[in-house]
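These are my notebook entries on a single model. I record below what I looked up, entry by entry.

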Amino acid sequence: MPELPEVETVRRQLEPLIAGRQVLGFGVMPGAERLMRGRSAPEVDAQLNGRTFTSVTRRGKYLGLNLDNGQVVVVHLRMTGSLRFRASGHEEEAFTRAAFDLDGGDQLRFVDVRKFGTIDLVERMEEALPELGPEPLSDEFTVDALWHALRGRQIAIKAALLDQANIAGIGNIYADEALFLSRLNPEAPAGSLRPAERRELHAAIRRVLEDGVAHGGASFRDYTDVDGAEGEQQYFVRVFRRTDEPCDDCDATIRRIVVGGRATHFCPKCQPVRHRNRQVKSTRPRRAGGTLKPR
Ligand SMILES: [Zn+2]
């Protein structure tokens with residue numbers, strides 16, 4: 001699924017291609033009507049006709065194609081969706097679900113194998129969005145803001161990072177990578193992080209997302225940019241989908257477990273389970289295994 005770096009890559013590529021371009025029509029292919037949220041395809045076609053795209057914004061994993069009348073086309077790529085800018089005369093392509101016809105005959109196509117992506121035309125972008133936490137690459141994302149989302153939470157830190165209401169834009173790839181860089185076990189309770197660990201996790205989140213953007217996103221399965229090309233971040237991951245390979249830092253074998261229903265990759269040596277109660281001493285002899293604890 002495209003995460004913040006992939007969606008940001010699309011945003012950066014798309015803006016100069018469509019800003020200033022007039023929309024002459026919009027249509028959804030038969031059988032793909034379900035991708036429309038709110039207004040129907042004919043309604044959106046009527047609203048967009050003659051309007052001009054001005055800019056492209058991103059919030060979390062959502063793209064906002066801004067129009068000259070203030071309206072916004074909000075696109076969520078979900079699992080396998082992609083936006084392709086195609087010059088006039090470009091051949092039709094499989095799995096095209098919707099298309100914006102632009103002046104000069106160019107097309108902005110929404111291509112989606114699985115048909116989970118959505119398109120919504122709204123007056124303000126927020127109308128189309130669920131509750132989203134801070135943008136992790138913005139100034140509002142401070143160590144305190146991170147801790148505000150995690151403190152008091154018993155759920156696994158991995159699951160907390162995936163919750164878009166805590167932080168916007170992080171998915172499975174960048175959550176695993178950020179936890180590896182900050183040496184945190186993915187199953188550690190979110191609210192158990194010590195101050196130094198919070199700072200390390202905050203810095204690691206920023207770093208993995210910035211690296212992802214710098215490499216044009218990660219293409220493990222379906223993600224492609226507006227030209228249909230793949231990103232390169234998949235060549236730089238440390239643990240994600242490297243199950244049974246040796247860790248770059250310690251040579252231990254990278255493991256795959258399931259946390260909160262999601263495949264999770266980590267190095268058991270670099271990211272050990274922390275026993276928080278190790279310092280608690282019992283005054284009674286331990287009977288487990290029939291041996292007394294040596295004193
Ligand atoms: Zn390691």
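**Largest pocket**

I began with the largest pocket, which holds about 490 Å³ of space. On a 1 Å grid over the protein atoms alone, a pocket is an open set of points where a 1.4 Å probe fits, with protein on both sides within 12 Å along at least five of seven lines, and lining residues have an atom within 4 Å of a point. Grid points are joined across faces, edges and corners, and the volume is the space filled by probe spheres set on the points.

I listed 24 lining residues, of which Met1, Met79, Arg221, Arg241 and Arg262 lie nearest the centre of the pocket. Helix H5 (172-181) and strand E11 (262-266) are the elements that give two or more residues to this lining. The largest share, 3 residues, comes from E11. I sorted the lining into 11 nonpolar, 5 polar and 8 charged residues. Here Ala, Val, Leu, Ile, Met, Phe, Trp, Tyr, Cys and Pro count as nonpolar, Asp, Glu, Lys and Arg as charged, and the others, Gly among them, as polar.

**Basis of the entries**

The model is predicted: local features need pLDDT of at least 70 and side-chain atom pairs count only at pLDDT 80 or more, while totals for chains, interfaces and linings use all residues. Residues are numbered from 1 along each chain as its sequence is written, and side-chain values use heavy atoms, with hydrogens and water left out.

**Overall**

I noted 6 helices and 11 strands in the protein; these are DSSP runs numbered from the N terminus, helices (H or I) of at least four residues and strands (E) of at least two. Along the principal axes, the C-alpha atoms fill a box of roughly 85 × 35 × 30 Å. Of the 295 residues, 51% count as buried, where buried means under 20% relative accessible area, exposed over 50% and partly exposed in between (1.4 Å probe, protein chains only).

**Zinc site**

Which residues hold the zinc ion as protein donors? I found Cys247, Cys250, Cys267 and Cys270, each through SG, at 2.2 to 2.4 Å. Donors are N, O and S atoms within 2.8 Å of the metal (3.2 Å for Na, K and Ca); water is not among the atoms, so sites may look incomplete. Along the chain the donors follow the spacing C-x2-C-x16-C-x2-C. The site is tetrahedral, with angles of 98 to 113 degrees among its 4 donor atoms; four donors count as such if all angles lie between 85 and 135 degrees. Cys247 is buried at 2% relative accessibility, whereas Cys250 is partly exposed at 22%.

**Helix H1**

I checked the span of H1 (residues 4-18): its 15 residues at 1.5 Å each should span 21 Å, and the end C-alpha atoms are 21 Å apart, which agrees. The expected span is 1.5 Å times one less than the number of residues. Buried residues of H1 include Leu4, Val7, Leu14 and Ile18. Gly20, which follows H1, has a positive phi near 90 degrees.

Most residues other than glycine have a negative phi. I recorded Arg183 with phi near 60 degrees, in the loop between H5 and helix H6 (195-214). Arg183 is partly exposed at 35% relative accessibility. Arg241 has a phi of about 55 degrees and sits in the loop between H6 and strand E10 (255-259). At 42% relative accessibility, Arg241 is also partly exposed.

Key: Tetrahedral: all angles 85-135°; square planar, octahedral: opposite > 155°, others 65-115°.
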